[in-house]
Amino acid sequence: MAEGKSRRPEVAGPEPAGTQSASTDKPAISPVSRRPRVGVFVCHCGINIAGVVRVPELVERAKTMPGVVVARDYQYCCSDPGQQIIRDSIKADKLDRVVVACCSPTLHEATFRKAGEEAGLNYYRTEIANIREQCAWVTKDRDEATDKAEDITRLAIARATHDESLEPVGVTVNKRALVVGAGIAGIQAALDIANAGYEVVLVEKQPSIGGHMAQLSETFPTLDCSQCILTPRTVETGRHSRIKLHTYSEVAEVSGYIGNFKVRIRQKPRYVDFDACTGCGLCMEKCPARVEADFERGMGKRRAIYRLLPQAVPNRPVIDAEACIYLQKGKCGVCAKVCPTQAIRYDDTEKFVEEEVGAIVLATGYELLDHEKMSAYGIGRVPDVIDGLAFERLLSASGPTQGEVKRPSDGRVPKKVVFVQCAGSRDREHGMPYCSKICCMYTAKQAILYKHRVHDGEATICYIDVRTPGKGFEEFYQRATDEGTTYLRGKVSKIFRQGDKVMVWASDTLAGRKVELEADLVVLASAVVASPDGVELAKRLKMQLDGHGFLTEAHPKLRPVETLTGGFFLAGCGQGPKDIPDTVAQASAAAAKVLAMFGQDKIFHAPTTAWVDEDICVGCGNCELTCAYGAVKVDLQRGVAAVNVALCEGCGACSVACPSGAMSHRNFSKKSIYEMTEEAVR
Amino acid sequence: MASYAYYPGCTLYTKARELDLSARKALAVLGAELEEMPAWVCCGAIYNTADDDFAGRIGATRNIVRASALGDTLVTLCAACYNVLKRAKARIDDPANAVERERVLNFIDEPYEREVRVVHYLDVLRRDIGWDAVKAKVAKPLAGLKLASYYGCLMVRPAAVLDFDDPEDPQVMDELVRALGAEPVRFDFKTECCGGYLVVNRKDVARESSARVLENARAWGADAVITTCPLCQYNLDRLRDRDGLPVLYFTQLLGLALGLEPDELGFDNCAVDPRPMLAEKGLL
Ligand SMILES: Cc1cc2nc3c(=O)[nH]c(=O)nc-3n(C[C@H](O)[C@H](O)[C@H](O)COP(=O)(O)OP(=O)(O)OC[C@H]3O[C@@H](n4cnc5c(N)ncnc54)[C@H](O)[C@@H]3O)c2cc1C
């Protein structure tokens, strides 16, 4: 929720009845019912502005501009006395609009608008002329800067002259949240929201919750067992009276707007009646079909009826239809025969569930880079080249080898393991240009754990840099070297099979030589990428993604868990690679933002939105195609576009796309743009 | 019948005669013709990278100028000729070298009729003829044959200039192998060094390099290695004892698949005779 929108809860705005009506009111046409009375306040900003722009001269010039009844300057307009000057002037000079020539509106627009409001001026009648970032900071010559500042101020006055009094749009909030993805991020966010007293709908595509954390062995930098710290959370989530869990499900559709979303959830056929099933596991013991388990990442097999792990929440199996002999060939039926509670449903189909929520947290997590992208590293072709998650499964006490490190090709215990960092990370040519952030740490961890399992084993780590910014991280890396891991600085160029060995071509850039390492097993720290299913969902929801598919936050520093679309929040690796502590912190932050929203009965949305002049609109639909927020729709019955003001972010794209001029923007009308342009080219 | 200006280069007249013969004959079956360009000269054998030594690139450029009399495309087969000619052409095409281009063309002082594109024979198969058309002409599918396509360095690097294929995992010969009904072997040494000219003064180094290529191809189950580079063929085929994997020019197997007589394809020029292997696979 943007701060600007949740402002002033005491002022109840017009209720958007179905939210369309507000958009069709024509702004009152009252241009010269009264001559505008504009006050101009020029800020020195210390020497930031006054050191370049001749402020007194600018004030004198402003006094002569049309509509201006008073022009003044002050050292720091944003200070209390500075604001007081503006407030006093509004009253004394009967101002009906204010222009503050100062810094960027992203910094103090709200400050000055609020000051004006306190003196009885409508919030949306104060405009900013940015003469700092767009003038003083980028201009050297004082004459030039003063002229430019004059132009900018004149334009802002022209704009202010057309400003209407507007009231923020109030929207009621449905105090239920949807969380998509039940990795540790989604789990944490769901628990925080639920424990604060609100209902949560948690959707997970896998048969059980936990995400990648459920695959890990022990976790850096403390080496506590991942399952042991995760299961209390999964159990609490599964039992929570306010968390409604939809596993083996995906979000099919989201409609509505902040505070009032409708969500359609698609539940994949499970072929098991979860209410009848007791989770006894007999079916899984008897099922004759065995296939590679995705969860084990090629290190182990599962049955056609399966659960991901013994501690699964919910502890119910599902049937993999492609592997199931009965569903493929109509013969077998062993699971149905042995089930003591007749819970098997071979005729199960996909189902749809509707939920209504007010806020949505996206926590769709990550995957590792596709093997195909790293053909020089042999992964996918050479059985004893595996990725980090596969090695976690080998190390895991509940994994396919019960924690014994055995290599996939022949089950032998590898005596020489080479770990390759930056396999696809920091690699503009083959993989991803960014650093995956967690690999230095988990590779050190895996080397330590390997040596704990195989005492005479040799662990070598090929790295290009070791990055350990985190509490206890550098010490942990030191521990890896102290315990005998060899660090070799240089990028690996090629990995291939030779006999029953795996050869690694690398370089030792410290010694300045090429090296060839012989290994029994090679573990790649493959680049962390945004989960493809998360990307697909985000695209459907029109979320902003960066060039690599990670969710973009509303502001990289100041609004790190909000998205640019109202009501959508983000947490976890779907936003960028990160470790568990960062993931959990971010998830709690997202939950806090949701709770801040739920703490209000209504939220307020800036009324500076698009609006349609229905007399001109021909319903061509260009605006609908252009809108990134799904806020404009053509009303097919009436043949005109309608703006949902609760969704509209006021970006202006639709007004630009509109061929007839019917679409406009409140307090940034075509007329005001023309007049500003005229002033600019005068 | 489509006709292409063709630059054979010296090796295809001597040591790699079978590459030249099999390529011409195979292309004829596919409905195209290689027309040897008039008065071709040495390509220079290695591309001269010294910036100011453009005299070293004059031979290659002269070939391009002369080829312009025949058409806008110049086809080569030898990986080294291809590398040198294509890079020489890119050099004079670069707007940054406009002055050099003028000096070189003035020095050559022969009519440069039109811009000439330097392409490899494999480009003709891939782009002009197309794999489907090749497949349609296959008379004897090479079923059961596993082939490791070895590209070496000259075909693919420098990647930005040659723009021929993925410099680390090239595919064009593998695509051809598939079109001929054989099975491409995905091995790790497609573009590793064969030893190159080190065969002249450091035979031991070249021997080690080429042996590893063969070893890896064999480990992945190849029945033979194919190449388009006479130097690669030489190093792989001759720097070893007389057994092991046959090393052939891709054109020889192309010809075989297209139904040419085995006797026309120069199999007897290989140090390791591929015929017993081919016979065993029922292809002879
Ligand atoms: C090899 C390796 C070792 C690691 N070791 C450590 C360690 O020791 N210590 C540490 O702190 N961190 C470690 N990490 C990092 C850790 O795995 C992550 O920080 C953490 O798992 C991120 O959690 P998440 O919830 O953001 O993502 P995920 O765990 O990926 O969870 C996302 C969830 O969303 C679901 N999902 C995705 N798309 C959809 C959709 N469209 N609809 C519904 N559901 C969807 C997924 O199925 C998944 O359950 C390691 C990572 C790797 C790769």
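1. Two strands are taken to pair if DSSP finds at least two bridges between them. By that criterion, strand β5 (residues 146-149) of chain B pairs with β6(B), to which it is joined by two bridges, and the two strands run parallel. Within this pair, B:L147 stands opposite B:P184 of β6(B). The model is a predicted one, which should be kept in mind for every point below.

2. The pair belongs to an open sheet of four strands in chain B, ordered β6-β5-β7-β8, with parallel pairing.

3. Which strands does helix α11 (residues 230-238) of chain B lie across? This helix lies across β7 (224-227) and β8 of chain B, and α11(B) runs at about 160 degrees to β8(B). Helix α12(B) also packs on the sheet, where it touches β5, β7 and β8 of chain B, and its direction makes about 70 degrees with that of β8(B).

4. Helix α12 (residues 250-257) of chain B also packs with helix α1 (residues 17-29) of chain B, at an angle of about 35 degrees and with the axes 8 Å apart; the crossing of these two helices is left-handed. On the α1(B) side the contact is made by B:E18, B:L19, B:S22, B:A23 and B:A26, and on the α12(B) side by B:T251, B:Q252, B:L254 and B:G255.

Conventions: Residues are numbered from 1 along each chain as its sequence is written. Chains are lettered from A and ligands numbered from 1 in the order in which they are written. This is a predicted model: local features need pLDDT of at least 70, side-chain atom pairs count only at pLDDT 80 or more; totals for chains, interfaces and linings use all residues. Side-chain values use heavy atoms; hydrogens and water are left out. Axes are lines fitted to C-alpha atoms, for helices over the stretch in contact, and angles run from 0 to 180 degrees between N-to-C directions. A crossing is left-handed if the near helix is turned anticlockwise from the far one by less than a right angle, and right-handed if clockwise. Contact means heavy atoms within 4.5 Å.
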